[in-house]
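Visitor: Please take one part of this model and look at it closely. I would like the geometry and the contacts.

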Amino acid sequence: IFSDVCSETGVTLSRFMIETALANPELSELESIFSSIETASKTISNLVRRSSLTGLTGYLDSGNINIQGEEQKKLDVITNDVLKNALRYTGRMGVLASEEEDAPVEVDDDIEEKYQKEVLVEKTRGKYVAVFDPLDGSSNVDAGIPTGTIFGIFEDKQDECDLTADDLDTCLETTLQPGNSLVASGYVLYSSATHLFMTLGAGTYGFTYDEHIGEFVLTHPCVEIPKRGKIYSCNEANRPYWDKPLQDYFEGLSTGTGESKTQYTSRYIGSMVGDVHRTLLYGGVFGYPADAKNKNGKLRLLYEAAPMAFLVEQAGGAATTGRGRIMDIEPTNVHQRVPCMLGSVDDVNELLGHYSKTSPAE
Ligand code: P6P
């Protein structure tokens, strides 16, 4: 899928996408989508870094609660608008679904209101659908703990936007696609550096933002997650509520009695993008499994677990609910949650070994 230039470190993301489009004309529209995500990421990185200086910390004065039942932070709303607007004006998007939006947004709706007279009678939607969490881990942002943006790109399942049909249904239908249908996915980590890791389905590639030149530069070509790690990453406060296979699995890791006979260490920052990034580079396992309080765990399938599962699998890792592959799950709701354990293939297989000893009903 890529020309050989794409494996040279130092290549910028825009050059990477130009070369990819030249080598794969059918992906040419992704070039402008990634350009818009790149621009939005630079804006969000700046907003996050300067939030304590610009009064953008804390919650909305309105006390607004989003569809997740979480009080919205100022940066949740601002970053959602930044990413939504960046994507919408590529002219490549049909529908956007966001953690911060109750329902999927038909891209043309707002444009139509704004440019009523200029909108052609026959609207044709863009070719793609974007799902995203604009600022995952935002509860950490006031404390300076890493946060991130997670995104996934699907092909729009409708070519034409039927002006008469109830667009919300067509939006939902084209948004509710399984991870296997992802054309691209990625995350942007706002931390000691700003990293953009992405996949187009032919390997996972990592770029680092260089403020001196204002570009994301390829620093991690062809990411390969170690086959096994020595780190586990989960919220252990939920341990009493895990099912037995999971308790046995983590008991083995923390006491050194697991398959590798190695005592693992625990690293968890409560921000999925940072925890997944470390897992990708160092190996081991990250997860938010189901527990007695959260039957489906906490992470959302569409714009958190599936896009991350795509990246991890493309880096040679694995991503499971404990009962099945995350990429196989057909979503039934935009904001549905799913148990999610992902990381090094040998670590994930060891976890699955514990579940295979029990019947699915348990
Ligand atoms: P807990 C952030 O709110 C998030 O969605 C993920 O980024 C993170 O992995 C998880 O929730 C943390 O949840 O319950 O451990 O604080």
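Guide: UniProt positions are given in the numbering used here, feature names are shortened, and annotations may be inferred rather than shown by experiment. An unreviewed UniProt entry annotates residues 225-351 as "domain: Fructose-1-6-bisphosphatase class 1 C-terminal". This is a predicted model, where local features need pLDDT of at least 70, side-chain atom pairs count only at pLDDT 80 or more, and totals for chains, interfaces and linings use all residues. Residues are numbered from 1 along each chain as its sequence is written, and side-chain values use heavy atoms, with hydrogens and water left out.

Now the span itself. The end C-alpha atoms of residues 225-351 lie 17 Å apart.

Next, the ligand. There are 13 residues around the ligand (a heavy atom within 4 Å). Asp-136, Asn-235, Tyr-268, Met-272 and Tyr-288 come nearest. Polar contacts are pairs of N or O atoms within 3.5 Å. In Asn-235, a side-chain N or O atom is 2.9 Å from a ligand oxygen. For Tyr-268, a polar side-chain atom lies 2.6 Å from an oxygen atom of the ligand. Lys-298 also places a polar side-chain atom 3.0 Å from a ligand oxygen.

Notes:
Helices (H or I, at least four residues) and strands (E, at least two) are DSSP runs, numbered from the N terminus. A polar contact is a pair of N or O atoms within 3.5 Å; within protein, one must be able to donate a hydrogen and the other to accept it, and residues adjacent in sequence count only if both atoms are side-chain atoms.
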